[in-house]
Each structure stands twice: as C-alpha cells, then as structure tokens.
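Hello,

I am passing this structure on to you, with some notes on what turned up in it. Please have a look, and then read on below.

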Amino acid sequence: MRYNKGATYFFNYTNEVEPLTRETTYNFNAGPSALPTVVLERAQAQLLDFEGNGMSIMEMSHRGKVYEAVHNAAIERMRKLYNIPEDYEVIFMQGGASLQFSMIPMNFLSEGETAGYVMSGSWSQKALKEAKMQGVAYEVASSKDNQFKNIPMDWNVQDNTRYIHMTSNNTIYGTQFKDIPEVNVPLIADMSSDIMSKPVDVSKFAMIYAGAQKNLGPSGVTVVIVKKDFLETAKEENPTVLQYKTHADSNSLYHTPPTFGIYMLGEVLKWIEEQGGLEAVDRQNEMKAGLIYDVIDASEGFYYGHADKDSRSLMNITFRVADEALEKQFLAEAAEAGFVGLNGHRSVGGCRASAYNAVPVAACEALATFMKEFQAKHA
Ligand SMILES: *Cc1c(COP(=O)(O)O)cnc(C)c1O
C-alpha cells in the first residue's frame, strides 16, 4: 500500500514488496535530499546533448565557452537571489561543508588569535574540533546542556576573536536561527541545511558556506560566499587548492570544478526564481513545516517535538512518538506507506522529516494526514 494513492498492497512471486516509484514516494531525506522533479526532467532532456553541442555538459571542457556560460549564470543567479553585495566573492568548491570546517581556521586563524564557536549541535561540534587542530578556539555559547533543543542566543565573545562560527540550521536536532545576534567580529555561517530557503542579509556575514546536497543540488559542490576584505586577511602559506584566494582569483576555475553539479545547482536556482524567489519559497516552507508541527502540537503528547518551539527549524522537523514501541511501528508503517527518510539521525534516534525547498506541499500534507490517522488508530 502506498499511502493515499489508491494502490493496493502488492507482493510479487518472490515475495518482495513492489519497488517504489517517484509517484508513490514522499522523499523526506535529510541529505542528499529531494530535488524538484522538473529540474531532473530538464537535466534528463539535456543529458545526452546539451543545447545542440552534440554532447553532455559532463563531457565538455570546463575551459570552453559553453560550460563557462553555465558556470557564470549559476554565480549570477546566486548573486541575484541572495542580493549578494559587489564586495563579496561567490566560489564553488569541492570537499563538502566538512572541508570548510578545516579550511576556515587554516586560512583565517593565526597564532595569538582565537576563534569563537557557537555550539548548537553536532555540526558545530565537528567544526570546533577542526578549529582546535589548527589553533585556539572556544565556545561562544552552547545549548548542549539542553540537549541542543534551543538556539543559544547569549553570546560571550572574548577579546582577540578572529571570527565567530555558527550553524544557521541544525540538521540533526531540528533547530534554526531566526535572528542573528549583532557582533563586531567577522561572522561565518555554515548554512548547509537552510541555504536559499529564505531571504538572508548577506552583509551581516564575513562568510557563508554550504554543501549543495540539501537545498541546492546534488552532492559534490560547496558554495562559499565571502567578503573580499575578509578574504584579503587570509594566510597564504597553505596548499594552493586549500586557499580561498586561489578559487576567488580564478572564478572557481583554478582546477576542474564539479561541472555537472554546478550545472544542476544553476537549474535549481532557476527553479527557485520560477517559484517567485526566496520570499515565496520561505512562505511555502513555513506553511509546509507548519502542517507537521500543528499535528505534533495538537496531539496532546502522543507526538512531541525535540526542539523548543521558538527554535524550531522549518527545514528539519524532529519529533518522537511518546510510546517507544509505537514509534518503531510508526516508522515501519510510514515506510510501508511510501514515506522515505523519516528515521532520525543515527546519533539521536526518533523521527525527522526534512522538508527542504524541493519537498512538495502535498508530501507534507500527506505526512500530516498519516500522522493524524496513526494517532487515531493507536492512541
Ligand atoms: C550535512 C551538513 C554538513 C556536512 O556536509 P558535507 O558536505 O557532508 O561535509 C555540515 N553542516 C551542516 C549544517 C550539515 O547539514
């Protein structure tokens, strides 16, 4: 049975469940995650022959005119959608957000300086660990004692702080910054799981980075938006490809970039424009997450959310079924009904629905209905 789709439960002769199809699947994966169907269809149509060039975009030189136009258009779309000021660079890199954890202190943290980390979850912990390998770093604030249920807003900034690092959306715990405290040191944000999900005042940040695979495209591309005067303060004794300056000075074409990923990223940005831009996408995301949070809040404790209400993420909705045995059954029945990716992160358990930009409203409606019906059956 695929939920709400009228299909009947089906076993073939080897007693295996019928394979899922795109039409019978609600993809709530945390990352890599859902991409807009129309983007995949357009990529499919262009896969063998890109715009009459007789070959795939994957098969051509990154130094050729055709690819270069795709590359520059993706950067331009990024700039326009985020209203990125002229004095910022937009860089495409590889290595994921995790490489950024190392590269940031490598490039910006020198002896005699310290870096401040806002601890709001597992990714912040990983970022801090890498900083400590490169130099001196400390915790500006932490919500660890509250099991990372809230966004720590009380920041304690020490003298001589080179930069402050924060995670704008905590993919695993399901919390998200709504406002950014004012600080007078360069602020760096890991926006891997909420980049391009809403308008952002880029000028508040010295640097923003994100792996593409949650909200921007396939894995393999990492976006870095960095202020030029901050970039100029970077150290220059690092290996060439591990210096931001190398990539900024060569328009992200110092070496072969992840060309197909950048093409896909550009198509996802085009799709965001077609949705009406970031304000429209933000409204949609609020509505989608609201559908599921409303069911949790109206359930009288049958479901409960992990995050404190004022810190709730619109991207990753983390919750539990109060009765642990029922929780297992909930996840099993949901999987049977075509909901994919609802298991919480292996480090925290429970349930998590990731409702990134590309997850349709209909998927969130179906999940809300499924949750209500499950409760009605088992409460
Ligand atoms: C997924 C994620 C990462 C890790 O990204 P990789 O590209 O796998 O290195 C880092 N930070 C946040 C907030 C994430 O959601």
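The largest cavity lies between domain 1 (2–30 + 276–378) and domain 2 (45–275), because both give residues to its lining; the domain bounds come from an automatic or database assignment. Here a cavity is a set of points on a 1 Å grid over the protein atoms alone where a 1.4 Å probe fits but cannot get out, and lining residues have an atom within 4 Å of a point. This cavity holds about 60 Å³ of space, counted as the space filled by probe spheres set on the points. Its lining has 15 residues, and Ala34, Leu35, Lys214, Asn215 and Leu216 are the closest to its centre.

Please keep in mind that this is a predicted model, where local features need pLDDT of at least 70, side-chain atom pairs count only at pLDDT 80 or more, and totals for chains, interfaces and linings use all residues. Residues are numbered from 1 along each chain as its sequence is written, and side-chain values use heavy atoms, without hydrogens and water.

Phe101 and Trp123 form a tilted pair, with centres 6.4 Å apart and planes at 45°. Phe101 is buried at 4% relative accessible area, while Trp123 is partly exposed at 24% (buried is under 20%, exposed over 50%, partly exposed in between, with a 1.4 Å probe and protein chains only).

Best wishes

Key
On a 1 Å grid over the protein atoms alone, a cavity is a set of points where a 1.4 Å probe fits but cannot get out, and a pocket is an open set with protein on both sides within 12 Å along at least five of seven lines; lining residues have an atom within 4 Å of a point. Rings of Phe, Tyr and Trp (its six-membered ring) pair if their centres lie within 6.5 Å; planes under 30 degrees apart count as stacked, over 60 as edge-to-face and the rest as tilted.
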